[in-house]
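User: Could you walk me through this one?

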Amino acid sequence: MIFGAAVEAAITEGKGKIMGNHNAKAALVDSLNALLADCFALYIKTKNFHWHVGGPQFRDLHLLFDEQAAEIFALTDLIAERVRKNGAATLTSIGAIAGKSRIKDEDDADLSAAAMIAQLKADNETLIAALRETKAAAGAAGDNATDGVIDDWTDQAEQRVWFLGQLLK
Ligand SMILES: [Fe+2]
């Protein structure tokens, strides 16, 4: 009977691990989808500022915002495909993006250049925090590929924050 109890305990532990892993995967794909929504929102906001920026630094900022927007947009496909490789569904529409994004819309087309830079800097800092959260979720779910690739995405976001911050000095 002791043997039977040990087997039962092992089965319970195994079930617990499977459930724990299932929950960790669900948390990871949620986190990746939220990150994907943030990237789409930040992409469109950075493009919006590329289109609407004005002032004496117009050319530099117009070009910088375009470069940063392209970098952010390139992340979207990589993030979505990490969700698919984890066997889950990713975002399907503008509505799904709006429902999950933590980046706030900015619809004022007459914002000053300095306000645009400050807002993009803060949003990229929000993105860095989101990336850190997703990396932790990837670690918990044992998704080494996501865990590893996020370091590069974080470095890119830190570079954007650095460039934007230098403009505010
Ligand atoms: Fe353009």
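This is a predicted model: local features need pLDDT of at least 70, side-chain atom pairs count only at pLDDT 80 or more; totals for chains, interfaces and linings use all residues.

Analyst: Residues are numbered from 1 along each chain as its sequence is written.

User: What pattern does the chain follow along the sequence?

Analyst: Helices (H or I, at least four residues) and strands (E, at least two) are DSSP runs, numbered from the N terminus. The chain has five helices and zero strands. Read in order, that gives α-α-α-α-α.

User: What radius of gyration does the chain have?

Analyst: The C-alpha atoms fill a box of roughly 85 × 30 × 20 Å along the principal axes. The radius is taken over C-alpha atoms, and the globule rule is 2.2 Å times the number of residues to the power 0.38. For 169 residues a compact globule would be near 15 Å, but this chain comes out at 20 Å.

User: Are α4 and α5 roughly parallel or antiparallel?

Analyst: Axes are lines fitted to C-alpha atoms, for helices over the stretch in contact (C-beta atoms, placed from the backbone, within 7 Å), and angles run from 0 to 180 degrees between N-to-C directions. The axes of α4 (residues 113-141) and α5 (residues 144-167) come within 9 Å and cross at roughly 165°. Angles under 35 degrees count as roughly parallel, over 145 as roughly antiparallel, 65 to 115 as roughly perpendicular and the rest as oblique. So α4 and α5 are roughly antiparallel.
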